[in-house]
Amino acid sequence: MARAKVLLVDDEVEFASTLSERLNIRGYDTKAVYSADAVLNKVRSDIPDVVILDLKMPGANGLDILKAIKQFNPSIEVILLTGHGSEQCTAESESGGAFDYMMKPVEIDSLTEKIEMALGKKQK
Amino acid sequence: MKDLCLSFINRILSSYVHEVRNYLAIIKETNGLMKDIIQIGKSRAVEAKQFLGFIGCVEDQIERAAAITDYLHRFAHRMDCERAAVSINELIEELIALMTRLAYRRRIAFEKELRGGLPLTVINPILFHYLLFCIIDSRLSRLDRNGIVRIATSFSEGRLRINVSSKGDVVQDGAADLCRDEEINGLAVDLGAEISKDGNDLVIKVPVTA
């Protein structure tokens, strides 16, 4: 069975590469990109099942990237990473079509749980 | 003015928290990866080499978090008294460190040329901080991606001089001419400082006895 494809987007290279390796260990085919500019090209060239997207990237608004991903392919599920879990953040992520959001630093078990839920939603 | 000061402190704190959260996230994931590797039982030789790299990464993140926390601690104590002898170089170093995340999010870099051996100035430290923040922030907000904000200090004609300039494409959004901003000029006057323009540079002159 093909491994689920996860794309991790975060400008913090050390964070993204380490988390990506941890997700690979857990059986996901995970790739990381470190800039907002690279996200859409990567999504187009190798369509992921789930994108984990940092909301605050240099020179870009994560919500705009979210909208562009959903516009390109609505079936891609996006989990937002944010520095704070406010009601505003919940509202913004829902209105942008995100599957859910998580606060950094993330608990790996909670993240994989969310990924599984997102994959479950895709299969419905 | 009170609202603007609160907004300034809010932005500094938000920048700090974002920075520290990132360091903690890296530490957490690096430790998690070490745990994963132990649990899946890779060979000891690979572990030792990899683990040294991981430990170095964790140490690096802790040092960065400690450094920015020191800056925030110093910043917090700037509010202890209304007048104190301050080093403008230390104050600028502190402000740049605390504003790095704000600049980074806009993909703008700081450059500094802080002349050594400058005399101290006696001034209200937090209001002076605020004045500098407004000036640097106005430069940040008018620059497009990949711009540079340059801050230089010097001493001439009995006054400390801070030159703030910028390089890169300018976006009009948020561009304010601080030389004409009444509030900022009023604050400068209250502090005994003077703001002027010198070509592309905004210049703040501060008497050492202010």
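This is a predicted model: local features need pLDDT of at least 70, side-chain atom pairs count only at pLDDT 80 or more; totals for chains, interfaces and linings use all residues.
Biologist: How should I read the size of the interface of chain B and chain A?

Modeller: The size of an interface is often given as the accessible area lost when the parts come together. Here, chain B and chain A bury about 2200 Å² between them, with carbon and sulfur atoms giving 50% of that area. On the side of chain B, the residues that lose the most area to chain A are Arg21(B), Glu29(B) and Arg105(B), which together make up 28% of what that side buries.

Biologist: How many residues of each chain are in contact?

Modeller: The contact involves 22 residues of chain B and 23 residues of chain A.

Biologist: How many salt bridges does the rule find across this interface?

Modeller: Side chains of opposite charge can pair when their charged atoms come close. Between chain B and chain A, 8 salt bridges are found. One of the pairs is Asp36(B) with Arg22(A), at 2.9 Å from N to O. There is also a network of salt bridges that links Asp11(A), Glu12(A), Glu19(B) and Arg101(B).

Biologist: What does the domain assignment give for chain B?

Modeller: Chain B is assigned domain 1 (2-77) and domain 2 (84-207). Taken over C-alpha atoms, the centres of these two domains of chain B are separated by 29 Å. Their contact takes 15 residues from domain 1 and 17 residues from domain 2.

Biologist: What area do domain 1 and domain 2 of chain B bury between them?

Modeller: The two domains of chain B bury about 1600 Å², and 64% of it is on carbon and sulfur atoms. In domain 1 of chain B, the residues that lose the most area to domain 2 are Phe8(B), Arg11(B) and Tyr71(B), together 34% of what that side buries.

Biologist: Which pairings occur between the domains, and which helices of domain 1 of chain B are involved?

Modeller: The count between domain 1 and domain 2 of chain B is 3 salt bridges. For polar contact, the count between these domains is 4 residue pairs, both residues being at pLDDT 80 or more. On the side of domain 1 of chain B that touches domain 2, α1 and α2 of chain B each supply at least two residues. The most comes from α1(B), with 10 residues. The residues of that side divide into 9 nonpolar, 3 polar and 3 charged.

Biologist: What does the salt bridge of Arg74(B) with Glu90(B) tie together?

Modeller: The closest N and O atoms of Arg74(B) and Glu90(B) are 3.7 Å apart. Arg74(B) lies in helix α2 of chain B and Glu90(B) in helix α3 of chain B, so the pair ties together parts that are 16 residues apart in sequence. Arg74(B) counts as partly exposed at 35% relative accessibility, and Glu90(B) counts as partly exposed at 42%.

Biologist: How many salt bridges are there over all chains, and which pairs link distant parts of a chain?

Modeller: A search of the whole structure finds 25 salt bridges. Among them is Lys121(A) with Glu77(A), whose closest N and O atoms are 3.7 Å apart. This pair links distant parts of chain A, with Lys121(A) in helix α5 (residues 108-123) and Glu77(A) in strand β6 (residues 77-82), 44 residues apart. In chain B, Arg161(B) forms a salt bridge with Asp198(B), the closest N and O atoms being 3.2 Å apart. That pair also links distant parts of the chain, from strand β5 (residues 159-167) to strand β6 (residues 194-198) of chain B, with Arg161(B) and Asp198(B) 37 residues apart.

Technical notes:
Residues are numbered from 1 along each chain as its sequence is written. Chains are lettered from A and ligands numbered from 1 in the order in which they are written. Side-chain values use heavy atoms; hydrogens and water are left out. Contact means heavy atoms within 4.5 Å. Buried area is the accessible area (1.4 Å probe) that two parts lose on being put together, summed over both. A salt bridge is a side-chain nitrogen of Lys or Arg within 4 Å of a carboxyl oxygen of Asp or Glu. Helices (H or I, at least four residues) and strands (E, at least two) are DSSP runs, numbered from the N terminus. Buried means under 20% relative accessible area, exposed over 50%, partly exposed in between (1.4 Å probe, protein chains only). Domain bounds come from an automatic or database domain assignment. A polar contact is a pair of N or O atoms within 3.5 Å; within protein, one must be able to donate a hydrogen and the other to accept it, and residues adjacent in sequence count only if both atoms are side-chain atoms. Ala, Val, Leu, Ile, Met, Phe, Trp, Tyr, Cys and Pro count as nonpolar, Asp, Glu, Lys and Arg as charged, and the others, Gly among them, as polar.
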